[in-house]
Amino acid sequence: MLLSKYPALAQGKLEDYKRSAALKENLQNKLYNAPGAVFWTPGQKLWYLIRTARGREFVVVDPKKQTRQPVFDQEQLARKLTEATGKKIDPFNLPFTSITFGKDDEDVEFVAEGAIWQYATGSFAFRKKGPFRAEPTDRRYWGNSRDELDEKPVFSPDSTQTAYIKNYNLYVRSEKTKQEIQLSFDGSEGEYYSAYIQWSPDGKKLVTNKIRPNKKHLIYFVRSSPEDQLQPKLESREYLKPGDALPIRRPQLFLLDSKKQIPVDDALFNQQFSLSRLEWRKDSRAFTFEYNQRGHQIYRVLEVNAQTGAIRPLIEERSNTFIDYSGKRSRHDANDGQEIIWASERDGWNHLYLIDGVTGKVKKQITKGEWVVRNLVHVDDKTRTIWFAASGRNPDQDPYFVQYYKVNFDGSGLTALTTENANHTATFSPDYQYFVDSYSRVDLPPVTVLRSTADGRVLMELEKADHSEWQKAGWKAPEVFVSKGRDGKTDIWGVIIRPTNFDPAKKYPVIENIYAGPHGSFVPKSFMTNNLSMHELAELGFIVVQIDGMGTSNRSKAFQDVCWKNLKDAGFPDRILWMQAAARKYSSLDLDRVGIYGTSAGGQSSTGALLFHPEFYKTAVSSCGCHDNRMDKMWWNEQWMGYPIGPHYDECSNVTNAHKLQGNLLLLVGEVDDNVDPASTYQLANALIKANKDFELVTLPGMGHTSGGDFGERKRRDFFVKHLLGVDPPNWNQIGKEVAGSGTGK
């Protein structure tokens with residue numbers, strides 16, 4: 001039926017897959033003079049690595065002298081390495097990408113061919129320091145609870161005493177006499193003292209938590225195809241889910257001179273999701289910690305008097321929806337807590353406030369307006385100056401573009417350090433005298449400059465990216481498109497990506513790449529140097545879009561609040577209106593054939609598109625989706641869906657609503673996904689089977705949280721070709737994999 005309706009659209013053929021693969025080949029590593037990252041040296045110089053038409057080149061910049069030059073003579077270094085190793089070394093493809101400058105920036109070290117080498121940049125002295133032994137990497141799984149009973153001693157500030165946990169209780173020992181003093185006596189296996197002990201700066205007091213542990217929640221899966229044995233392995237992970245019990249922590253104060261224990265009244269923190277950032281004041285007068293109430297509607301900074309144990313709130317945030325503690329929490333204690341710089345959305349936008357650290361009262365709202373502070377970069381207590389990143393302050397720019405500013409504690413002297421109409425990324429020098437600013441847009445290749453932090457003036461232009469090879473390959477820049485959201489007033493921003501052979505007279509199915517997690521915004525704002533998958537997908541005969549609808553972050557509090565207890569919304573009313581507005585402007589968008597795909601929260605939303613909006617979305621591919629928020633990790637889901645668990649969890653569940661499926665659905669899942677429990681996808685499949693629904697399920701052996709890697713990418717593309725273009729994809733069993741799809745490898 002699709003072919004008879006659109007006979008001229010016979011794309012999705014092998015030649016289209018070849019063109020898609022060729023596009024990636026022609027673009028990858030062909031953007032020149034665009035530093036990926038910038039690093040500062042001990043001597044306040046900076047270095048970076050760029051790709052040029054010759055290959056990779058190391059560059060060093062001296063901000064004081066305003067000079068830019070190669071870090072070393074790469075041809076000479078290649079000759080020396082060739083002589084030392086007996087291997088032919090390409091000077092512009094050196095076998096390392098990272099270097100370490102010595103103390104005075106006079107030499108650099110690097111690791112190559114299994115050894116550590118040192119090269120003096122001035123004298124060209126070159127030597128092999130010795131074999132390279134890689135430090136063991138910490139592969140600590142994110143969900144593991146920390147070992148609160150670690151018996152490793154904690155030294156006092158003057159190193160004369162140690163504090164430690166023994167038999168669940170707190171002890172102190174003199175390092176000189178080895179005399180041991182027991183400070184607590186009621187610790188037990190079921191309620192013990194934490195080994196994360198904090199000494200006061202004067203060495204006369206201690207604080208640690210008394211903990212009542214919770215029962216661990218384990219998830220299980222089978223690794224069907226382990227690389228080290230034939231038989232499968234059963235694996236488990238700690239994985240707290242919404243509604244699970246949490247450990248209870250109660251700070252305990254100990255006065256060493258009197259050997260006195262002072263419990264802290266828990267009335268202000270007795271419904272805890274977490275206690276964090278336990279810190280002493282420098283003068284030992286008090287300690288502070290942060291209390292996040294379960295449900296995330298109350299957040300407090302609390303101070304405890306170090307003599308009496310009396311507790312009082314310094315800061316209290318309240319919200320009728322949620323406090324975005326995981327994305328917008330910023331705090332700086334100035335002058336030993338006499339004042340506090342604090343980020344809050346209390347006026348509806350994320351801004352900075354100056355809090356009196358003695359009274360807890362707001363002295364000044366430092367920033368204000370319908371724009372948001374994105375990051376607290378640096379605070380200078382002496383000059384009473386704050387550097388920060390923000391977006392949305394320039395009404396003629398994309399409200400998501402990050403710009404950098406400085407401001408005084410009292411809100412005066414607000415100065416824009418960057419202004420160009422682009423998305424900015426800054427890397428500051430250790431002394432905060434300079435910063436490197438790389439700015440770009442999806443349609444503007446990166447420009448990299450050196451600026452002064454005093455006023456933002458450009459001291460040097462370091463690099464201007466060359467994308468001529470992209471232009472030769474026929475690359476089409478994404479188009480930024482804006483339309484009104486569901487309220488008829490709020491701008492919704494997104495991008496449109498078209499194939500290189502785009503014909504405006506033709507009709508193209510539309511595919512949305514969705515990620516609607518409330519913790520961020522996700523439409524690309526910078527030049528998409530390494531994000532080519534949407535371009536590759538478009539080459540098969542599609543128009544690909546990405547949109548930030550309501551319920552996501554980095555706009556007003558009200559904009560984000562749309563997600564609260566309603567993750568199934570996913571901004572769909574705004575997304576649909578956006579695509580309809582684009583189709584009115586561009587007749588090439590065929591909204592009778594709309595597909596959608598996503599991973600993780602995007603996997604939940606892409607399936608939800610078919611269940612809750614079947615009149616608009618016809619085909620979906622969902623990878624590793626959290627299809628029922630009760631099955632996913634506690635911290636992320638309770639942040640947006642709230643606590644206690646209520647019927648709204650069930651209402652938002654793809655599993656509960658599986659019987660509503662009308663469109664074409666492909667589910668992918670990594671069998672050992674320890675980010676989103678794979679059972680979430682399997683339970684959705686079970687519900688679909690019980691509802692007698694047709695769908696496809698691909699389990700990816702040995703893979704964790706993933707979009708599917710190369711195989712998954714190919715399956716995703718084939719699924720859209722078949723169901724949106726009405727074309728049978730190539731038979732890869734006969735053709736091979738050379739053009740099957742590039743994937744992300746994730």
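**Salt bridges, core and cysteines**

Glu279 counts as partly exposed, at 31% relative accessibility; buried means under 20% relative accessible area, exposed over 50%, and partly exposed in between, with a 1.4 Å probe and protein chains only. Before going on, note that this is a predicted model, where local features need pLDDT of at least 70, side-chain atom pairs count only at pLDDT 80 or more, and totals for chains, interfaces and linings use all residues. Residues are numbered from 1 along each chain as its sequence is written, and side-chain values use heavy atoms, with hydrogens and water left out.

Glu279 forms a salt bridge with Arg277, with the closest N and O atoms 2.9 Å apart. A salt bridge here is a side-chain nitrogen of Lys or Arg within 4 Å of a carboxyl oxygen of Asp or Glu. Arg277 is also partly exposed, at 32%. By this rule there are 60 salt bridges.

Another one pairs Arg441 with Asp443, at 2.9 Å from N to O. Arg441 is partly exposed at 23%, and Asp443 is partly exposed at 37%. Shared partners also link salt bridges into one network, which includes Arg277, Glu279, Arg281 and Glu290.

Helices (H or I, at least four residues) and strands (E, at least two) are DSSP runs, numbered from the N terminus. Arg19 is partly exposed at 23%, while Glu539 is buried at 1%.

Now the core. A nonpolar core is a set of buried Ala, Val, Leu, Ile, Met, Phe, Trp, Tyr and Cys residues joined through side-chain atoms within 4.5 Å. The largest has 44 residues, and those touching the most other members are Val545, Trp578, Met579, Tyr617, Leu665 and Leu688. Helix H8 (572-585) is among the elements that give two or more residues to this core, and H8 gives the most, with seven.

Last, the cysteines. How many disulfides are there? The whole structure has zero, a disulfide being a pair of cysteine sulfur atoms within 2.5 Å. The sulfur of Cys563 is 10 Å from the closest cysteine sulfur, in Cys652, which is too far for a bond. Cys563 is buried, at 5%.
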